Amino acid sequence: MPKRPYPLIALGLIVLLSSVSQFCGKEPQDEDPAAIWEREIPRLMEAANVPGLSMAVVRDGKVFWQKAFGVKSRRTGEPVDENTMFEAASLTKTVTAYAAMRLVERGALDLDKPLHEYFPNREYAKLAGDDRYKKLTARLVLTHTTGLPNWGDRLTRDPGLQFGYSGEGFLFLGRAIERISGMPLQDFARREIFEPLEMDRTSYVSNEAYTRNAAPGHNERGEVSPLRENAEPNGGASLLTTASDYAAFLCALLNARGLRKETIEQMASPQVPVTKSRKIAEPFENVFWGWGWGVQPGATGYGFWHWGDNGDLRAYTVTYKDRREGLVYFANSNNGLAIAEAVTALVFPDHQYALDWLDYEQYDDPERVARFSIEAAFREEGADAGLKKLRAAAESIPDLAAEDALTDMAQRLGESAKLDEALALLEASLAYHPRSVDLRLVAGIAYLGTGRNQASIESFEAALAIDGESAPAARGLEWAREALAAEKSPVILTAAEMERLAGAYGQRRITLRDGRLYYQREGRPEYRLLPLSRDTFALEGYGQFRIRFVSDGSGRVTKLVGLYFQGNTDESPREK
């Protein structure tokens, strides 16, 4: 990412960057590279606030070095070790691509045959609402040219037109692999990949090894998240693995284990150019997609790469096939990709065009350093201190006062339960952007979360006064009026009514405790439910989501519907 030439950088940061930069891209001849990595990676982790990391380097087609750093969880302080399993996030797609090519090589899967034809009824129910999905093939999935969104059941464009990154496509491909092989994706991968390659601590679903030695995520501030456990395999996102296991997978690709050399050559060669963004179809220079892999030029030929981002767990891998060397690292932090440039530069001289395209903010970006300092002042010292620091910093870094930057900062404060500070920031931000609809929307949601329903109404009304066509503002106004009505005339549920709603709804659970209902989604915080009617509830402290219970003709509750502020919904059937 290009760095802005701002003059104000902390002296300590300059010292750190000087220490790291002397090793980036070039190794001193008198020092072992492993010694450099083991010294510099902890420094980068400390600078970026990354609690734990596991990394492996491949040379000459073999695992050359593997090391674990830091702690699995800041709550427990347990150290990361070489067997600690991480969420691989989108690195899952590379393994699913390998699984698909196993079937292609034996003639069971045709790259250009519509995937829906492999299903018994020639229909994949999730995407059946849009007949264009019947044009989707394995080749389109592997090159991200399906026209599907990252996640969702409606195509955003006709298949085959242009690149558009999609996890949903790999979910579909994984389901097709199950139909063709006649076994769950986990079982097929274990037989075809994990066991032959001795990837003993890799799985598409949670298991005992993962539960016993897993790395939960941490947010930007280093606060630990609940451990997520996957019961169902997802070909685009659910892989759990270790750095050494994944490095063994890289070695298999370099040594043509399990797949023919010609197949791997196609997987790791440019097939389609990536676009600058979903909205800008112009190709992004020097970044392409192969079959399941991103591809970029290096000093001695193309390298294949991928990144992983499950929010609070992140990963990066890159391998240069001509040099037969690569690396992979997993980090249990939202900040994990903020050190990607620096970590790869410690190992390889090649420019990471992939990271230019991904455009993650790097740990040493002056705007990032200043923003973290401002947010810390809000959280630790209060609204007045935060606003004072913001105004001072914005004088030398004007982008800190940009509308998007202020909105994002307020949202992060709200997510860390600093709603009063978030509202103070939003109210002050209107002095910078008096015509901002987005700031008023975020403020309206924050007011809802704190139960200030009249203020929420006024905020959404102000947004509509600026943009009368704003659907989110109209929806927010409706929500705020419903909340105010429930505040003035509370809905009182009987004990029997509450007991009827309590129960498990897939990953969601409704608990009745001390005469109150609570909602929790697996791996996320618990919220008290506030009744708006006898079947619709708001979440105390979280204004952008509601739930509705649906009953059958006999009055039995059959499912829970999630209602999102953006207008979308999802359903969770009640478990019997």
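Are W65 and F69 buried or exposed? The points below answer this and describe the aromatic pairs and the sheet.

1. Basis of the note. The model is predicted, so that local features need pLDDT of at least 70 and side-chain atom pairs count only at pLDDT 80 or more, while totals for chains, interfaces and linings use all residues. Residues are numbered from 1 along each chain as its sequence is written, and side-chain values use heavy atoms, with hydrogens and water left out.

2. W65 and F69. Both W65 and F69 are buried, a term that stands for under 20% relative accessible area, with exposed over 50% and partly exposed in between (1.4 Å probe, protein chains only). The whole structure holds 31 aromatic pairs. Rings of Phe, Tyr and Trp (its six-membered ring) pair if their centres lie within 6.5 Å; planes under 30 degrees apart count as stacked, over 60 as edge-to-face and the rest as tilted. W65 and F69 make a tilted pair, with 6.3 Å centre to centre and 45 degrees between the planes.

3. F194 and Y204. This pair is tilted because the planes stand at 35 degrees, with the ring centres 6.1 Å apart. F194 belongs to helix α6 (residues 185-194) and Y204 to the loop between α6 and α7 (208-212), so the pair ties together parts that are 10 residues apart in sequence. Helices (H or I, at least four residues) and strands (E, at least two) are DSSP runs, numbered from the N terminus. F194 counts as buried because its relative accessibility is 2%; for Y204 the value is 0%, so Y204 counts as buried.

4. Aromatic cluster. One aromatic cluster is formed by F163, Y165, W289, W305, W307 and W357.

5. Charges over rings. The charged end of R323 sits over the ring of Y320, 4.5 Å from its centre. R513 lies over the face of Y518, at 4.2 Å from the ring centre. The criterion is NZ of Lys or CZ of Arg within 6 Å of the ring centre and within 35 degrees of the ring normal.

6. The sheet. An open sheet of eight strands runs in the order β2-β1-β10-β9-β8-β7-β6-β5, with antiparallel pairing; two strands pair if DSSP finds at least two bridges between them. At the edges are β2 (62-70) and β5 (272-275), each of which pairs on one side only. Strand β1 (residues 52-59) pairs with β2 in the antiparallel sense over eight bridges, and V58 has V63 in β2 as its bridge partner.
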